[in-house]
Amino acid sequence: MLPLFEPPPPTPLDDAACRLLQVRSIYAEPEALATPRGQQVLGRFPDARVVEVPSHWQIPELHGNEGNVERWVRVKTETLVLGVKKSLSARLNGRSSDFIAPSTANGCAMACAYCYVPRRKGYANPITVFTNIEQITRYLRGHVGRQGIKTEPDQVDPVAWVYDIGENNDCSVDALVSDNVADLVATFRTLPTAKASFATKLVNRQLLDLDPQGRTRIRFSLMPEQDARVLDLRTSPVGERIAAIDDFVEAGYEVHLNFSPVVLREGWELDWAELLRRLDDEVGAPFKAQAACEVIMLTHNRDLHEVNLGWHPKAEEVLWTPAQQQPKRSQSGMWNVRYRNDVKRQGLTRLQELIGEHAPWLRVRYAF
Ligand code: SF4
């Protein structure tokens with residue numbers, strides 16, 4: 001008798017990924033709890049207590065900036081929220097993607113000092129999973145269908161409509177919580193005119209099993225290690241992200257790089273040159289043949305600056321540099337700061353020169 005086929009076991013999580021989420025409480029809208037996806041999340045964390053809430057937006061004990069970083073990290077580690085995404089729409093983007101897909105999650109278990117994701121729920125925001133994934137993927141299939149064929153190549157992609165699926169979240173962490181990311185990858189696998197795309201700072205090797213067949217672009221976010229050590233809290237080390245690149249290409253992902261945020265501080269040029277040389281040495285020809293990057297200069301925020309001063313003033317030494325920054329009112333009415341036009345222009349030009357010098361195979365999709 002032939003042995004029964006046994007699917008390969010899922011790639012085990014490394015310790016760092018396991019430490020990110022030790023869920024004890026799940027705050028859930030009743031409607032979300034009733035969905036199969038909501039039940040799947042409960043099944044993954046069977047020991048968590050469930051607290052019903054009327055809305056994922058209003059959970060005072062979880063959201064906001066009160067307290068300190070230990071509390072926020074505890075909230076991010078030990079709590080999840082389940083909600084239903086009510087209004088579905090795909091917004092025009094034109095930079096990292098053609099469209100921003102409707103969110104399947106917001107919030108993050110990591111804690112980067114410059115992160116803009118907490119701007120609505122506060123720094124302590126844990127991951128909210130939207131459980132109406134069938135509705136969201138159905139909406140996406142319809143939206144892609146309505147675009148027809150992409151006839152005008154643009155910097156985002158020459159032929160595919162690209163949808164960012166991780167605007168307010170990191171999909172590599174979300175994939176630890178539920179199959180939402182797997183479902184999105186599977187959806188785009190069947191859409192020959194479109195691609196999913198997300199930037200990430202975590203290496204989750206379970207994503208290698210998802211068989212994206214070139215229809216998902218993962219953008220590994222990189223910065224010099226000296227910056228990442230101060231700013232990229234709870235993320236995978238930069239060396240680990242670089243080491244994962246070839247494996248993700250081999251697994252069928254399109255892999256791009258996201259140089260973001262670029263922080264201009266004393267010595268930045270030397271450290272970026274070192275990062276680019278390291279990339280040139282350590283990644284393989286198949287990655288280089290399809291590689292592209294986006295370059296995004298730091299934008300910071302006055303409120304976030306105040307929050308960070310309370311727990312991580314060292315980060316503010318490099319993030320808040322008024323002598324070279326100017327204020328700018330964001331679309332949502334917040335006061336952001338970004339590098340003065342002349343400083344930014346010089347920085348972008350210099351970084352692109354460094355890329356040309358040390359990683360000439362790396363096409364810059366856009367620099368902003
Ligand atoms: S990984 Fe991304 S979403 Fe998460 S804290 Fe860092 S910048 Fe924010």
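Which residue in S7 is the bridge partner of Leu-80? The partner is Ile-127. The strands are taken up again below.

## The model

This is a predicted model: local features need pLDDT of at least 70, side-chain atom pairs count only at pLDDT 80 or more, and totals for chains, interfaces and linings use all residues. Residues are numbered from 1 along each chain as its sequence is written.

## Overall build

The protein chain has 14 helices and 16 strands. These are DSSP runs, numbered from the N terminus: helices are H or I with at least four residues, strands are E with at least two. The C-alpha atoms fill a box of roughly 60 × 55 × 40 Å along the principal axes.

Of the contacts with a separation of 6 or more, 77% join residues 24 or more positions apart. A contact means two C-beta atoms, placed from the backbone, within 7 Å.

## Strand S3

Buried residues make up 44% of the protein chain. A residue is buried if 20 or more other C-beta atoms lie within 10 Å of its own, exposed if 12 or fewer, and partly exposed in between; C-beta atoms are placed from the backbone. In strand S3 (residues 79–83), five of the five residues are buried, so the strand is largely enclosed by the rest of the structure. Thr-79, Val-81 and Gly-83 lie on one side, and Leu-80 and Leu-82 on the other.

S3 pairs with strand S1 (residues 25–28) in the parallel sense, over four bridges. Two strands pair if DSSP finds at least two bridges between them. Ser-25 has Thr-79 as its bridge partner in S3. Four bridges also join S3 to strand S7 (residues 127–130), again in parallel.

## Helix H12

Leu-304, Val-307 and Asn-308 are buried in helix H12 (residues 302–311). Seen down the axis, the buried residues fall within an arc of 100 degrees, so they line one face of the helix. That arc is of the directions from the helix axis to the C-beta atoms. Glu-306, Leu-309 and Gly-310 are exposed on the other side. The cover over the buried residues includes strand S13 (299–301) and helix H13 (313–319).

## Around the ligand

The residues surrounding the ligand include Cys-108, Cys-112, Asp-170 and Lys-201. The shell divides into six nonpolar residues, one polar and two charged. Ala, Val, Leu, Ile, Met, Phe, Trp, Tyr, Cys and Pro count as nonpolar, Asp, Glu, Lys and Arg as charged, and the others, Gly among them, as polar.

Conventions:
Near = placed C-beta within 6 Å.
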